[in-house]
Amino acid sequence: MSDGSGPRPAPAADGAPAGLPVLSLALASMLEGVHAHSGAVYLLRPDEPVLEMAVHAGMPRAFAAPWERVGVSAPIPVAEAVRERRLVWVGGEEEMARRYPRIAVVLPYPFALAAVPVATQETVYGAVFVTWPGSHPPTLSERERDHLTAACGRLALRLERAARENRPFGREPDVLATPLTGVADTLGSAEAARMVSRLPYGLVSLDVHGRICFVNKAAAELLGRPAGELLGTLPWVAVPWLNDPVYEDRYRAALLSQQTTSFVAMRPPGEWLSFRLYPGTTGLSVRISRARAVADMARGAPRTDPGPSRLVTISQVLSLAGALTEAVSVQDVVQLVWEEVAPAVGSQALVMLRAQAGRLHVLGHRGYADRHVVERFDGLPLSERTPGTQALNSGVPAFFASRGELERLYPNRHETPDGFAAWAYLPLIASGRPVGSCVLAYAERHVFPADERAVLTSLGGLIAQALERALLYDAKHRLAHGLQQALLPHSLPPLPGIEAAARYLPATQGMEIGGDFYDLVPARPLAAAVIGDVQGHNVTAAGLMGQIRTGVRAYTTVGQAPHEVMSSTNRLLIDLAADLFASCLYLRLDPARGRAVMARAGHPPPLLRRPDGRVRVLDLAGGPLLGIDASAVYPTTEVSLAPGSVLVLYTDGLVESPGVDIEDALAGLCEVLAEIGDQPLEALADQVVRYGTAARERMDDVAVLLLRARGGG
C-alpha cells in the first residue's frame, strides 16, 4: 500500500505459475499450522481493484464459487482485510449472519473464519482466508493469530521478490486432503470388504466433492441401484428420489461444519430411510438404515434435526433476496417482508422500526388486530429501555421464546401486551450502521435454535440493504415532489374573459418528476399563457423548467411581443449551458377582440374546439426547440378565439405512447373534445387527462392547460 493511501496491485497472471506451487504450499502450511480445515489465497489484480482466488484448499472450490472474483469494496471478510490491512475474525454462524449476510445466506452453517491481508509495509498483494469447523472456540487464540499473521507476512515477501524479478504468480491447482493410507495394509483390503459386507446397514463413502467412492452391498440394496452404477456419481444425481437440494445441503453442512448431520428420505413407494453423515477432512462416511414409520416418529420424541425445513427457509431467503431488489419504497419493503419472510419463518405479525432524531419511529406493521398496540411506540425516546430500542441501539439480535423470557429482561413489558407469545428482534445493519430493526411476533411459544437464529439474522442483513435503498428513494421522492410542487403554479390566476384549468401528471418511471410546465401570466394590457416541456424527467429538468418559466414571466411582464419572448427564452436557455432542449408554446390572449397570438418552438400543435363543436388541430408556424440555435426566429400566428371556444394546450406525454401513431392519438382526442367539450372546464380537464393516460404507464410526464373564451375583457 503506497504511502498508506490504499492497496496497490501486485503482478498476477491468469496462467499457472512457473516452478513450485508457492501459493498452494504456503496455504497448506497455514492450514496445518492452525488446524484449519479449508482456506484460499486471493491475489489483487494489477489492472483493477479486484481480488481473484488463486488457490483453494480443503473443500471443493464450488463452496466458494460466488467469491472467486470479488471487488476490494465488497462487504466480505477478505475484501475488508485488504481495505483495512488487518486480520478479520468471524467467530461463528450468528456473527457471520450479522456482519456478512450475503455469505451466511449461501453458507448458513456453523464455522469460523479468519481473513488476513498479504501485505508488506508498502504494498498489498492480496489476502488469505482460512476456516475452522463449528466446534472452534468463538475467539481466535493468540497462537493462531500470530501464526497466520507471520505466514501471510512471509508470503508477501515472496510475492514482493517475485514482482521485482518479474515472475508473476497466478492460479494454482487446488489442494485437497489426501485420503488416509495404511488402513488396508493393517486389515487387509479383502478382509475389510468382507467385514463391511456383513454389516446389516448400508455404508457409503463420499469424497469431498460428494462423489461415491465406496458402497457396500446393503447400501446398494437400500438405494435400489447396483454398486457399479453408483461408484463415481453424486447420490442426489444417481438416485432419483434423493434429487432434492435438501439432501445436498446436509452434505455441504457436514463438510463445512465438520459436524455430524442427518436426514430422513422416503424411498418409493413408502419406505423411510435414515441417513447419517460423519465428516472428515477427506470426505464423508454415510450410514444408511431403515427408519421408523412416519407415524411412529410422530408418536415418539420430537425430531430436532432441522434438515428439510432448514433448506426450505434458505430457498425462501434466496427468493426474498431477489424480490427485495424490486422493492422501491419503504412500504414495498414492509409488504415484501410480510408476504415472503413471515410465512417462511412462521411469524404471525411484524413491525418495521427506524431510529431518527433520537426517537423510535414505526415505518410499517402487519398482523396486529389493533394498530394502536404498535403505533403507541412511535416517537418513543431511544433512551427508553425496550426490546425495540435495545436492538436499534446495540445492533445485536434478541430472541424471546416466551412472554416469560421477555418480561424477565423487560419487566414493564407486561403493561403493554400485544397478544403474542414469542418475538425475534432483528437489527437491520447496512453499510456498517443501523438503519432500523424488524420485529417478528409469533402467536405461540417459539424456540429459536442456533441455525434459525442465523437464518433470521441473515434475513435482517438482506432487509437492511433493501430498507436503506427504500429510505433513500423515499427521501428523494419527497424532495422531487416538493420541488415539482414549488416550481408549478399553486393555482391559476383569474384572467378577464378567460376561464382556465390545468393538470399535471408525473411519469410513472424514474423519480416521478419532470420538465413539463404551464403558466398563466396576468400581464397588462394582455395576459399570456405558456406550456412547455424540458427534455427528461429528473431534478435537472425540473430545475431548468423553473428557470424557463421565470424567464417567460419576466419577458412577458416587460412587454415583449410573443416572438420576442420566445427568442429571449431561447437565448436564456443557451446561456445557461444546461445541454438540455425544451419545447414551448406561448400565447398572448385578447378575448375582448376574440383572438390569440401564438408562437411555437418545436411543441405539439394546440387543439381548438369551436363553439359549434368542431375541433381542429392548429397547424402553427414555428421555430426549432429552445436551446439549439441562438439566432433562431419564432414566427407568430393569429388565431380566432370566439366566445365559447376552448383551446387545449398539452405536452407530448398526453398523446405519445409506444405502438400508437401520434396522428391516431390526436384524432381520438379531437373526437373526445367534440363530444364532451361543453362540460365544465375542470371536468373536461379530468376527461382529457384520463383519455391520454388510460390503460398505459406514463413513460413521460403530462401537462394540460385548457382555456375557454368567455368574451369581454
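Predicted model: local features only at pLDDT ≥ 70, side-chain atom pairs only at ≥ 80, totals over all residues.
**A tour from hairpin to sheet**

Select Ala 357 to begin: in the hairpin of S14 and S15, with two residues between the strands, Ala 357 takes a positive phi near 55°. Residues are numbered from 1 along each chain as its sequence is written, and side-chain values use heavy atoms, leaving out hydrogens and water.

Now widen the selection to both strands of the hairpin. S14 covers residues 349-356 and S15 covers residues 359-366; they run antiparallel, joined by seven bridges. Two strands count as paired if DSSP finds at least two bridges between them. Pick Ala 355 and look across to S15: Leu 360 stands opposite.

**Whole chain**

Zoom out and colour by pLDDT (the predictor's confidence in each residue, from 0 to 100). The chain average is 83, and 86% of the residues score at least 70. Residues 1-18 fall below 50, yet this stretch has 48 contacts in the model beyond near neighbours in sequence. A contact means heavy atoms within 4.5 Å. Select residues 293-313 too: pLDDT stays under 50 there, and the model has 26 contacts for them beyond four places in sequence.

The chain holds 22 helices and 28 strands. Of its 713 residues, 50% are buried. Buried means under 20% relative accessible area, exposed over 50%, and partly exposed in between (1.4 Å probe, protein chains only). Among contacts with a separation of 6 or more, 62% are between residues 24 or more positions apart.

**A helix pair**

Select helix H1 (residues 22-34) and helix H5 (residues 142-164). They pack at an angle of about 170°, with axes 10 Å apart. Axes are lines fitted to C-alpha atoms, for helices over the stretch in contact, and angles run from 0 to 180 degrees between N-to-C directions. H1 and H5 are therefore roughly antiparallel. The contact includes Ala 26 and Met 30 of H1, and Leu 148 and Leu 155 of H5. By class, it has ten nonpolar, three polar and three charged residues.

**A five-stranded sheet**

Next, show the open sheet with the order S20-S21-S22-S23-S26; its pairing is antiparallel. S20 (516-521) and S26 (636-640) are at the edges, each with a single partner strand, so one side of each is left without a neighbour in the sheet. From one strand to the next, the twist averages 15°. Focus on S20 and S21 (residues 528-534): six bridges join them.

H19 (residues 539-557) lies across S20, S21 and S22, running at about 20° to S20. H20 (residues 562-576) lies across S22, S23 and S26, at about 155° to S22.

Stay on H20 and select Ser 567. Is Ser 567 buried or exposed? Buried, at a relative accessible area of 14%. Beyond its neighbours within four places in sequence, Ser 567 is in contact with Ala 632 and Tyr 634.

**Last stop**

Finish at Gly 280, in strand S12 (residues 271-280). Not counting residues up to four places away in sequence, Gly 280 touches Leu 255 and Gln 258. Now draw a distance to Asp 207, 73 residues apart along the chain: the C-alpha atoms are separated by 9.6 Å.

How values were computed:
Helix = DSSP H or I, 4+ residues; strand = E, 2+ residues; numbered from the N terminus. Parallel < 35°, antiparallel > 145°, perpendicular 65-115°, else oblique. Nonpolar A, V, L, I, M, F, W, Y, C, P; charged D, E, K, R; others polar.
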